[in-house]
Every structure is written in structure tokens, then in C-alpha cells.
Amino acid sequence: MTGPDILQVRHVFKAFGGLQALSDVSFSVPRRGIVGLIGPNGSGKTTLFNAVSGFFPPDRGEIVLDGRPIAGRPAWTVARRGLVRTFQVIRVFGQMTALENMLVAAPGLDARAEKERALALLGRVGLSRHANEYAADFSYGMTKLLEFARVLMPGPSLVLLDEPAAGVNPRMRETLWSIVRESREAGTTFVIIEHDMNVMMTLCERLTVLNYGEVIAEGAPEEVRRNKDVVEAYFGKTAERAER
Ligand code: ADP
Ligand code: MG
């Protein structure tokens with residue numbers, strides 16, 4: 001049942017009213033890979049994560065996780081099959097402590113082992129001292145780190161990260177990317193949305209580029225960076241923005 005790809009997205013479409021947010025999107029994610037998803041704002045990156053993670057169904061198309069179709073399955077079913085994601089707009093339980101937020105994501109097997117794992121992960125993202133503080137009192141960056149730690153809590157096989165480093169301080173950003181690398185070594189696959197091209201070039205083996213809901217390029221980072229359409233659609237705009 002398992003092929004070389006842990007995830008295959010085939011001909012996925014999603015419209016919001018008259019807006020075609022995803023148009024015939026196909027891409028695949030190799031097992032134990034780190035794949036980057038890039039594209040200008042509004043190009044459909046988050047929408048693709050939403051469709052893949054079961055947040056809403058695609059209008060058309062196939063999504064295959066570990067050899068099993070998941071398109072249209074609800075998020076909790078998809079999560080139980082090992083696919084979890086973070087949100088661009090943070091979602092943690094403010095009225096719970098950091099530790100409680102972690103335990104909510106635990107598979108519910110051995111309470112003691114889970115608490116240990118939760119504390120170890122919180123330590124990894126530099127939140128040990130804050131384990132018993134309410135998430136509502138966390139800074140934006142701390143909340144992002146908590147969300148990142150929480151997504152790893154159930155020991156997922158595929159993790160979708162939607163701009164996980166945005167608002168996180170530079171030192172913790174480095175830590176975050178090292179945790180991604182380590183988790184990959186331990187067998188986890190990642191798809192990452194991140195605007196920092198230097199990070200994407202070094203972290204990812206493969207990049208998929210979206211523009212107006214369509215895949216305009218896919219391949220090794222160096223190859224993608226030299227692609228003329230990508231330079232125009234993405235780097236052109238990024239440079240423009242930086243000049244303003
Ligand atoms: P990205 O993450 O690449 O910045 P999004 O996937 O968030 O882009 O958005 C793609 C397009 O779809 C945008 O034009 C956005 O306004 C629109 N869109 C996304 N989600 C919704 C929604 N729930 N309802 C209506 N339009 C949406
Ligand atoms: Mg987005």
C-alpha cells in the first residue's frame with residue numbers, strides 16, 4: 001500500500017465564489033522528505049494545506065496519504081492517519097497552560113510517558129520555564145513555538161507547517177529548523193510554507209511554486225530558483241516589496 005511518496009495531490013481544484021484559489025494542482029511529497037511550498041501572498045498555499053489536512057474538501061481532485069484516499073475526509077480522520085498541520089493564524093488554547101496544550105495533542109496512551117514527552121518537546125523549543133503558564137499570556141513568538149511543539153506531540157508521519165517561523169526570534173528560528181531536520185532523520189516528513197528563501201534553499205530538497213492557484217514550477221531548489229516564471233512571479237514581487 002505504500003509507495004515512495006507519502007502524499008500525492010492530483011488535479012485538485014478549490015474555488016471561493018468566483019475566485020479559483022486552487023486550479024488543477026498536482027504535487028507529491030517523498031517519504032522522509034522536506035518539501036517547500038512557496039509563492040506570492042494569495043497564491044493558494046494555505047488553501048492547499050487546508051484541503052490536504054481535511055479542513056475543507058477540495059471541489060475536485062484526489063489526495064492520497066500513505067496509499068489511501070483522504071480527499072473530503074474530516075481533519076480528525078486525516079490526523080489519525082498521521083497528517084498534522086500548524087496554522088498561519090495561531091490556534092492554541094489560551095485558557096490552558098503550555099503543558100496542557102501539549103497533552104491535548106497526545107495520543108492518550110500512557111499519561112506519564114506523554115507528560116515526559118510533552119516536557120521534552122517544550123524544552124526543545126525553549127519553553128520549559130513556561131510549561132505551567134497559560135498560553136494566553138505568551139508572546140506571539142512563544143505561541144508559534146508552542147504550536148510547533150504541539151504538532152510534533154502525537155509523533156506524526158507527515159507535518160504541514162504554515163509559516164512556523166513568522167514572528168519567532170532569529171535564534172529560536174534556527175532551533176525550529178534544526179528540530180525539523182532532526183525529526184526528519186527520525187522518520188517524519190515535512191511540507192513547509194516559508195517566505196525566507198535562504199532557509200528554503202538550504203532546508204528543502206524540493207520546492208513547489210504556486211502562483212494564482214497553479215503550480216508554476218517544481219524541482220530542486222537551485223533549479224526552481226533559476227526558473228524564469230518563478231523569478232517573475234515570486235522573486236520579482238519580493239524584490240519589489242523590499243524596495244517599497
Ligand atoms: P496564501 O496562503 O498563498 O497566501 P491563500 O491560500 O490563503 O493564499 O489564499 C488564496 C486565495 O484564496 C486568496 O485570494 C484568498 O483571499 C482566498 N481565500 C482563501 N481562503 C478563503 C476563504 N475561506 N474564503 C474565501 N476566500 C478565501
Ligand atoms: Mg497563507
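The dialogue below goes through salt bridges and their surroundings.

Guide: This is a predicted model, where local features need pLDDT of at least 70, side-chain atom pairs count only at pLDDT 80 or more, and totals for chains, interfaces and linings use all residues. Residues are numbered from 1 along each chain as its sequence is written, chains are lettered from A and ligands numbered from 1 in the order in which they are written, and side-chain values use heavy atoms, without hydrogens and water.

Visitor: How many salt bridges does a search of the whole structure find?
Guide: Side chains of opposite charge can pair when their charged atoms come close. The criterion is a side-chain nitrogen of Lys or Arg within 4 Å of a carboxyl oxygen of Asp or Glu. The search finds 10.

Visitor: Which residue forms a salt bridge with Glu182?
Guide: Arg124, with the closest N and O atoms 2.7 Å apart. Glu182 sits in helix α6 (residues 170-185) and Arg124 in helix α4 (residues 111-124), so the pair ties together parts 58 residues apart in sequence. Helices here are DSSP runs of H or I, at least four residues; strands are runs of E, at least two; both are numbered from the N terminus.

Visitor: Is Arg184 buried or exposed?
Guide: Buried means under 20% relative accessible area, exposed over 50%, partly exposed in between (1.4 Å probe, protein chains only). Arg184 is buried, at 17%. Its salt-bridge partner Glu205, at 2.6 Å between the closest N and O atoms, is partly exposed, at 37%.

Visitor: Where do Arg225 and Glu222 lie?
Guide: Both are in helix α8 (residues 221-226), three residues apart, about one turn of the helix. Salt bridges that share partners also join Arg184, Glu185 and Glu205 into one network.
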